[in-house]
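Here is a short briefing to read alongside the model. Have the viewer open as you go, and select the residues as they come up.

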Amino acid sequence: MKISVTGVAGFLSSHLADRFLESGHEVFGVDSLIGGEIINVPPATQFYQYDCCDRNSVARVMKDCDVVYHCAATAYEGLSVFSPALVSRNIVDASVSVISAAIENGVQAYRILFLHGPVRHEVPFREEYDPRPQDPYGISKVAAEHMLRNLCEVHGVEYVIAVPHNIIGPRQKFDDPYRNVASIMINLMLQDRQPIIYSDGEQKRCFSFVEDCLGCLVEMLDRPDVVGEVINIGPDEEFITINHLYETIADLTGYQGEPIYMPGRPQEVRLATCSANKARKLLGYETKVDLRHGLQSMIQYISAHGTRKFRYHLELEIVNESTPQTWRDRLF
């Protein structure tokens, strides 16, 4: 098949492109590099540095493609409260542009796979719950999902909505001060710098290793029984606090210091984990890599590539007393 992957220079999507290329598919990748890195793009990918909001350019890349995996997004939940225009543009506008271009190019021969963000409201998040997003990022994802359903149903295009949860692993951006808590902690602790924990650190998450998610995403390529479904992808084991995450990384890196606790970020979800029962039933999902081994592979990757200074590559649109000091004063 000819498969278009948006955000192909990003963490998850670059791994996905690798899988497709290994299976003999052609991959046409698009990325603006706002949050990805060119080094992540598999060499065999036909790569185009376009912004997904540039509909006409994206449409040219998708010409004759069978399937679109729309992975591109500014996945910045916390930052979206302070840069809502940036985040919403790169989710809502970008998604509508990609969906429109896909439909124009006859991708209805197969399907559009849309990677959503977790916004369901009570734990564990279940696919049948009505979303109750807490920040502009979540609101934008829900809006984009509605647009996908509407346009695909009107124009007779198959779609699947995948909802990955807290994915971690090698290639995840580790010099980004706005997201990726595990990568941020590893980058800091390998430099013998104190990690920063927001609030009391008792927020709870499940972290999903990238290799465990890829099998499900690849299975969605041509399975008829997943059309129109919303499917969580991620573990519902090892529901841990951020304090526990810090302690595990400190143990693995040999870090001897203490974390710095800062005031909580506005609208942060306190508890976030999903039910993976539908993925187990439809796609054979199972957790093969536990948290400790997943974190160890990230430590090895960051050590091999060298720790980095943090890049404040995205501007804060709203700076006031609610803006986290870590971002306002660039403390990372």
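The lining of the largest cavity is made up of three nonpolar, three polar and four charged residues. That cavity belongs to a predicted model, which holds two cavities of 30 Å³ or more. The points below start with these cavities and then turn to a strand pair, a helix residue and a loop residue.

**The largest cavity**

- Its volume comes to about 50 Å³.
- The lining draws on several stretches of the chain: E37, I39 and N40, then R171, Q172, K173 and F174, and finally Y301, H305 and R308.

- F207, P235, E237, E238 and T287 form the lining.
- Sorted by class, this lining has two nonpolar residues, one polar residue and two charged residues.

**Strands β1 and β4**

- Strand β1, residues 2–6, pairs with β4 in the parallel sense, and the pairing runs over four bridges.
- Within this pair, T6 stands opposite H70 of β4.
- Strand β4 spans residues 67–70, with V67 and Y69 pointing one way and V68 and H70 the other way.
- Whichever way they point, all four of these β4 residues are buried.

**S95 in helix α3**

- S95 sits in helix α3, which covers residues 84–104.
- Is S95 buried or exposed? With a relative accessible area of 2%, S95 is buried, because buried means under 20%.
- The side chain of S95 reaches the backbone oxygen of I91 at 2.6 Å, so the pair falls within the 3.5 Å cut-off for a polar contact.

**L316 in a loop**

- L316 lies in the loop between α9 (291–305) and α10 (325–328).
- L316 has a relative accessible area of 19%, so it counts as buried under the 20% cut-off.
- Which residues does L316 touch, leaving out those up to four places away in sequence? They are L79, F82, S83, Y178, T323, W327 and R328.

Terms used
Residues are numbered from 1 along each chain as its sequence is written. This is a predicted model: local features need pLDDT of at least 70, side-chain atom pairs count only at pLDDT 80 or more; totals for chains, interfaces and linings use all residues. Side-chain values use heavy atoms; hydrogens and water are left out. On a 1 Å grid over the protein atoms alone, a cavity is a set of points where a 1.4 Å probe fits but cannot get out, and a pocket is an open set with protein on both sides within 12 Å along at least five of seven lines; lining residues have an atom within 4 Å of a point. Grid points are joined across faces, edges and corners, and a volume is the space filled by probe spheres set on the points. Ala, Val, Leu, Ile, Met, Phe, Trp, Tyr, Cys and Pro count as nonpolar, Asp, Glu, Lys and Arg as charged, and the others, Gly among them, as polar. Helices (H or I, at least four residues) and strands (E, at least two) are DSSP runs, numbered from the N terminus. Buried means under 20% relative accessible area, exposed over 50%, partly exposed in between (1.4 Å probe, protein chains only). A polar contact is a pair of N or O atoms within 3.5 Å; within protein, one must be able to donate a hydrogen and the other to accept it, and residues adjacent in sequence count only if both atoms are side-chain atoms. Two strands pair if DSSP finds at least two bridges between them. Contact means heavy atoms within 4.5 Å.
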